[in-house]
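Please examine the sequence and the three-dimensional model shown below. The report that follows describes selected residues and their surroundings.

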Amino acid sequence: MKFIVSTTTLLKSLQTISGVINTSSVLPILEDFLFEIKGGKMTVFATDLETSMSTELKVEAKDNGRIAIPARILLDTLKTLPEQPLTFKVDDKTFGVEITSETGRYKLSGENADDFPKIPQPEAVTEINIPAPALSNAISKTLFAVSSDDLRPAMTGVLFQVSPDGMTFVSTDAHKLVKLTRSDVKASKAAQFIVPKKALSLLKAALPGGDSGVNVSYNKSNAFFTFENTKLICRLIDANYPDYNAVIPQNNPNTLFINRMELQNAMRRISIYSNKTTYQVVLTITGSELKISAQDLDFSNEATERLTCNYEGNDIEIGFNARFLIEMLGVLDSGEIEIELSTPTRAGVLRPTEKNENEDLLMLVMPVMINS
């Protein structure tokens, strides 16, 4: 087998899918790219058995064939070469690979493509189409709230809920929760599935800019994301997602309106003085004034700041983990936000006051007990 390809085209394609590969895999062949040539087009695959990615690119080739090539040595070689055509020659019997550039020749050992794991194929799937910017935005706003606790597998991914009315993305780690609903993405029938964190991180990095669409198809075991010349396939998390609506407090009587950046910057400064185990900050709201305070009794550190705000409701004092609030404020992109509160022991609800078209975003953060 022989093919010719541009260094920059190949490097860009391989970098798109290389994040799938684990450097310390149990199976050595999982540290390889699978190259497959059919009809003058080359498809390159990478997998870790849970998540697979492939990308298609044009090459000069007369023969069809397959070969598995070690990813690390190939990527390191391509990164150091200037733009030029590279010729790959593959010995179909020994699986040896010879790469010829304008100035050099490089030999490495490939592996039998037949040993590469089979990539799942879409069977009995339901399909929907999502604009790439909408999907990228949904991943950005939910991924940070995903749990890393393997004892609760359902919460280690993002819940995708589709229906004829719209699509909802949910993530939670039991301390914070994000619910993002889009009214412009609809499915013929209701369904839900949980996509793992790693797959979504890779998907977000690979998604194209502009207004192109992403075809999402899913069945009981896998989800398939297809856009431009790239595909991502991931095994879904087989678990029941908790009833998140049950923890969202309704009819909150107290509402705080405040500048997002002012609150975020104040939180960053005050949290420096908080206890490094709880990161507790206390919000005291009286009238049109918000007081943010923190203290670390172990080191006699304390800090207080006052911000002006618009507040509707009864005076309240409530504690939160500063890191959670800072994370949420960093993900929101509204100039002003509203925080709904009821009692010091019930969750606070954050919303942007400037709503994006077709999008409804809610973030929830659990309070912490105030140290007396």
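Does R66 count as buried, partly exposed or exposed? At 35% relative accessibility, R66 counts as partly exposed; here buried means under 20% relative accessible area, exposed means over 50%, and partly exposed lies in between, for a 1.4 Å probe and protein chains only.

## Basis of the report

This is a predicted model, in which local features need pLDDT of at least 70 and side-chain atom pairs count only at pLDDT 80 or more, while totals for chains, interfaces and linings use all residues. Residues are numbered from 1 along each chain as its sequence is written, and side-chain values use heavy atoms, with hydrogens and water left out.

## Salt bridges between and within elements

Side chains of opposite charge can pair when their charged atoms come close. The structure holds 17 salt bridges, a salt bridge being a side-chain nitrogen of Lys or Arg within 4 Å of a carboxyl oxygen of Asp or Glu. One of them pairs E36 with R66, with the closest N and O atoms 2.9 Å apart. This pair links distant parts of the chain, since E36 belongs to strand β2 (residues 32-38) and R66 to strand β6 (residues 65-70), 30 residues apart. Helices (H or I, at least four residues) and strands (E, at least two) are DSSP runs, numbered from the N terminus. E36 counts as buried because its relative accessibility is 17%.

A further salt bridge joins D76 and R72, whose closest N and O atoms are 3.3 Å apart. Both residues lie in helix α2 (residues 71-80), four residues apart, which is about one turn of the helix. D76 has 38% relative accessibility and therefore counts as partly exposed; R72, at 48%, also counts as partly exposed.

D184 forms a salt bridge with R182, the closest N and O atoms being separated by 3.0 Å. D184 is partly exposed because its relative accessibility is 33%, whereas R182 is buried at 9%. Elsewhere, salt bridges that share partners join E36, R66 and D114 into one network.

## The surroundings of A154

A154 is located in the loop between α3 (132-142) and β11 (157-163). With 6% relative accessibility, A154 counts as buried. Leaving aside residues up to four places away in sequence, A154 touches I194, I237, A239, N240, Y241 and P242; contact means heavy atoms within 4.5 Å.

How far apart are the C-alpha atoms of A154 and T23? They are separated by 26 Å, and the two residues are 131 residues apart along the chain.
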